[in-house]
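Open the model in your viewer and keep the selection panel at hand. We will go stop by stop.

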Amino acid sequence: MAVYKRGYQRYEGPRAPHLERLLVLPRQAWRRLSEQRIVTALLALSCIWPLLCALFIYIANHTELWGGLDGDFSKMLAIDGAFMLTFMKVQSVFSVLLAALAGPGLVSPDLGNQGLALYFSRPISRLEYVLAKMAALVWLLSLVTWVPGIVLLLMQAAMADTSWALANWRLGAGLVLGFWLWVALVALVALASSAWVRWRLIAGAVVLGFFFVLSGVGVLVNAIFRVEWGDLINPLRAAYGVWCALMGAEMPAGLSLATALASLALMGALLSLALERRLRPVEVVR
Amino acid sequence: MPQPVVELDDLHVSLGRREILHGISCRLGVSGSGRAIGLLGPNGAGKSTLIRTLLGFHTPSSGRARVLGFDCHKNRRRVLERIGYMPETDSFVASMTGVEFLRVMGSLSGLPEEIALEKAHETLFHVGLGEARYRTLGTYSLGMRQMARLAQAIVHGPELVILDEPTNGLDPTARRRMLELIRQMKDDHGMSVIVCSHLLADVEQVCDEVLILKDGCMIHHADLEAERRENRRFVELEVEGDSTAFAAALEAVGAVCVAESPGRFRIVLPLDFEMARLWKLAADHGLSVRRLTQRRDTLEEIFMKAMGLLRQTPGEAASSQEAPAYGGL
């Protein structure tokens, strides 16, 4: 029978499991993101560097292509921690750009017309709401960070001999852990800016500002006051420090792993607090 | 055993250092009976705070609030699975279409995916938004958005629907439609409904019981249905002619009759007394009936009395000999 003829009937059947209900939010957010052409274009653009890296790996593993060249050249073509760090640095920039484009549309539409009361009057907690919204962004950012990174490592492992995989297993673990930390930070920044800034353009600018302006400020603080605590407000340097430690590469000068981790933890805590203050079902005037 | 829809036990709620609800205790409604409960009170009485506490938005500082047998704080998820909430403020997600909005809200409340879509369409037609269901909510008029908010509250078929000022800002036709939908919710679908409103006429029209709050305290809880039933027995009568014998005849059939002045009576009729008998009795004594009024203790009077603005309802003095006013005001 047609819906308009049937009339309203109260549903009394079985309910969906809790996790299935929560997946509605990331699915819906993902649908919204995929409708934005500019996000799709940037996603395609961010695949260029992994493709170039894949080509590099291919060349590095086919000695017959550069057999006439000297030994220094073969060192340059080594697939090691330095290679993966370069890959991570470039892809992290793309991930920030993607977050600046996609992030602002995640929470602000719900906040704009006091829609949060409708979400939180349903069996969903604030933490679950944040995690569900974050999941869409994490999925998007994963596509340009650790997923292509793992593909590159698998490709290298397949082309090189088993000894390479045994000697460099740390690269895989470091890449995944390092990018997970990074993606979590970027997603938190994007959500917090979406929660606090109503206008999408400005919210996007805030995301870019957090990473690039704050990093500049950190470097300036270190240079002007001749201190090292400027690193605490430099997300790019802190993340790079952690990646270096994970990859077994040399840490940047003047930065310890503890400082880098403390810096990231501090930023994460502040961003979580910003979200907690903003994402409430009702504004309480005390 | 039927349980109350809402059970408050010495409920105290504080926001910051200020206590908003000061020890409210009561039992409202009966689950599954399809009754509507009106929540009344002046601004700042604590109505919204009470509703938000039931929804788990505020934590009680002491005491307990239970909805459908579950503690609102400790079993928040189980409570919210059974509730539909229509907020007072204009709440919507402007970029979603009506169907998408209801589908998401239904799914979050536990409807399986394919059923959520079906229910979204069904509910939108039910509230009169069938033709506008593929338009984004941002393009809806105020009245349409109000209906969309009602739709999201009932899309998952909750046992209890909480409506905060449902008729605010609606034109008379839309208001009538909203009240009719509320009536259908309780009568046709067996949902319990809590209506929080400043409009006494609206509450009177759809509610079976009322809770009146003032300054964070419960000052009256009345069963409107019982009150209406009781009120049918009180009659004010004005007749022309010699009424002495008529008064005696009324006493003889079991009525309590007080003569206010010659020809003017306040009468408490016995139960099961047909009004036609009163007309016949007057005719038998050769009296012409000039005025016959059945006392109707309006919600406005109940509210005014609860607020301390009215000492007694007209006709209450006569009735007090037989039956005390309901709710013990």
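A nonpolar core is a set of buried Ala, Val, Leu, Ile, Met, Phe, Trp, Tyr and Cys residues joined through C-beta atoms within 7 Å. Keep in mind that this is a predicted model.

**Stop 1: the cores.** Select A:A99, A:L191 and B:V195. In the largest nonpolar core, which has 156 residues, these three touch the most other members.

Zoom in on A:L191. What does A:L191 touch, leaving out residues up to four places away in sequence? Look for A:G103, A:L106, A:V107, A:V130, A:K133, A:M134 and A:L275.

Another core lies apart from the largest one. It has 14 residues, among them B:I267, B:V268, B:L278 and B:A282.

**Stop 2: the domains of chain B.** Colour residues 6–222 as domain 1 and residues 232–294 as domain 2. The centres of these two domains, taken over C-alpha atoms, are 45 Å apart.

**Stop 3: a sheet in chain B.** Show the strands β2-β1-β4-β5, in that order. These four strands make an open sheet with antiparallel pairing. Why is one side of β2 (18–28) and of β5 (70–71) left without a neighbour in the sheet? Both strands stand at the edges and each has a single partner strand, so one side of each has no neighbour there.

Next, select β1 of chain B, residues 6–15. Eight bridges join this strand to β2(B), and the two run antiparallel. Pick B:V6: its bridge partner in β2(B) is B:L28.

**Stop 4: where the chains touch.** Select both sides of the contact: 39 residues from chain B and 32 residues from chain A. On the chain B side, α2 (76–81), β6 (83–86), α3 and α4 each give two or more residues. Which element gives the most to that side? It is α4(B), with seven residues. By class, the chain B side has 17 nonpolar, 15 polar and seven charged residues.

**Stop 5: helix α4 of chain B.** Select residues 113–126. This helix has 14 residues and reaches 20 Å from its first C-alpha to its last, close to the 20 Å expected. Its buried residues include B:I115, B:A116, B:K119 and B:A120. B:E122, B:T123, B:L124, B:F125 and B:H126 are buried too.

What covers the buried residues of α4(B)? The cover includes α1 (3–6) of chain A, along with α3 (98–108) and α5 (142–154) of chain B.

Finish just after the helix. There B:G128 takes a positive phi of about 90°.

Notes: Residues are numbered from 1 along each chain as its sequence is written. Chains are lettered from A and ligands numbered from 1 in the order in which they are written. This is a predicted model: local features need pLDDT of at least 70, side-chain atom pairs count only at pLDDT 80 or more; totals for chains, interfaces and linings use all residues. The expected span of a helix is 1.5 Å times one less than its number of residues. A residue is buried if 20 or more other C-beta atoms lie within 10 Å of its own, exposed if 12 or fewer, and partly exposed in between; C-beta atoms are placed from the backbone. Two residues are in contact if their C-beta atoms, placed from the backbone, lie within 7 Å. Domain bounds come from an automatic or database domain assignment. Ala, Val, Leu, Ile, Met, Phe, Trp, Tyr, Cys and Pro count as nonpolar, Asp, Glu, Lys and Arg as charged, and the others, Gly among them, as polar. Two strands pair if DSSP finds at least two bridges between them.
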